[in-house]
Amino acid sequence: MEDKKLAIIATKGSLDWAYPPFILASTAAALGYETQIFCTFYGLQLLKKEPKLEVTPLGNPGMPMPLGMDKWFPVLGLALPGMQGMMTAMMKKKMQSKGVASIEELRELCLEAEVKLVACQMTVDLFDMDTDDFIDGVEYAGATSFFEFAGDSDICLYI
């Protein structure tokens, strides 16, 4: 039987968009898939040693709001200073209370499971990022390298 492969492209750098690539990759690796996450543009935030990931309720109509705020609180109010920080703190507290692993823990689990984490070299160069800011174990490559893997994958996800 041929080994199965999962290719994930991670493009988002917010807290709520950080979970899917790591959860799916670690699960696939546990099931025996050879797995790779290609982080490009804002997805590079997921690979930073100290990620500063936040969640924003603004423009996210699917986000469950505390106290039924989605029913009575004006959307414009979500743009008030401090709302993003408050929502981020609430989301982190909720995840912790439900026993959901942190992004750092999920990322470490992926590395232990030999998920290949790839930073898009073009984006690193574009944004003048310092590779010292990224965790150990990250590989740097361009889209061509990722397509070599993704072209042979059984599943390819864009997150």
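User: Leaving aside neighbours within four places in sequence, which residues is F127 in contact with?

Analyst: This is a predicted model. Beyond its neighbours within four places in sequence, F127 is in contact with F41 and Y42. F127 sits in the loop between α5 (121-126) and β4 (139-141). Compare sequence and space: F127 and F41 are 86 residues apart in sequence, yet 8.6 Å apart C-alpha to C-alpha.

User: Is F127 buried, exposed or partly exposed?

Analyst: Read relative accessible area against two limits: under 20% is buried, over 50% is exposed. F127 comes out at 36%, so it is partly exposed. F41 has 34% relative accessibility, so it also falls in the partly exposed class.

User: Where is F41, and what is its phi?

Analyst: Most residues other than glycine have a negative phi. F41 is not a glycine, but has a positive phi of about 45°. F41 belongs to the loop between β2 (34-39) and α2 (69-72). E114 is another non-glycine with a positive phi, about 65°. E114 is in the loop between α4 and β3 (116-120). Its relative accessible area is 70%, so E114 is exposed.

User: Now a helix pair. How are α1 and α4 arranged?

Analyst: Take distance and angle together. The axes of α1 (residues 15-30) and α4 (residues 103-112) come within 9 Å and cross at roughly 25°. Angles under 35 degrees count as roughly parallel. The two helices, α1 and α4, are therefore roughly parallel to each other. The crossing of α1 past α4 is left-handed.

User: Which residues meet where α1 contacts α4?

Analyst: From α1 come L15, A18, Y19, F22, I23, A25 and S26; from α4 come I103, L106, R107, L109 and C110. By class, the contact has ten nonpolar residues, one polar and one charged.

User: What does the side chain of T88 reach?

Analyst: Look for a side-chain atom paired with a backbone atom. The T88 side chain reaches the backbone nitrogen of V55 at 2.9 Å. T88 lies in α3 (residues 83-97). With a relative accessible area of 5%, T88 is buried. Apart from neighbours within four places in sequence, T88 contacts L15, L53, E54 and V55. L15 also takes part in the contact of α1 with α4.

User: And S153: buried or exposed?

Analyst: Apply the under-20% limit again. S153 has 16% relative accessibility, so it counts as buried. S153 is in the loop between α6 (143-150) and β5 (155-158). The S153 side chain reaches the backbone oxygen of I155 at 3.3 Å. Its contacts, leaving aside neighbours within four places in sequence, are K5 and A7.

User: Let us step back to the whole chain. How many helices and strands does the chain have, and in what order do the elements run?

Analyst: The chain has six helices and five strands. From the N terminus, the elements run β-α-β-α-α-α-β-α-β-α-β. Of the 159 residues, 38% are buried.

User: What share of the contacts in the chain joins residues at least 24 apart?

Analyst: Count contacts between residues at least 6 apart in sequence; 76% of these join residues at least 24 apart. The pair you began with is one of the contacts to look at here: F127 contacts F41, and 86 residues separate them in sequence.

Definitions and conventions. Residues numbered from 1 in each chain as written. Predicted model: local features only at pLDDT ≥ 70, side-chain atom pairs only at ≥ 80, totals over all residues. Heavy atoms only, no water. Axes fitted to C-alpha atoms, helices over the stretch in contact; angles between N-to-C directions. Helix = DSSP H or I, 4+ residues; strand = E, 2+ residues; numbered from the N terminus. Parallel < 35°, antiparallel > 145°, perpendicular 65-115°, else oblique. Left-handed = near helix turned anticlockwise from the far one by under 90°. Contact = heavy atoms within 4.5 Å. Nonpolar A, V, L, I, M, F, W, Y, C, P; charged D, E, K, R; others polar. Buried < 20%, exposed > 50% of the residue type's maximum accessible area, 1.4 Å probe, protein only. Polar contact = N/O pair within 3.5 Å; in protein donor to acceptor, adjacent residues only side chain to side chain.
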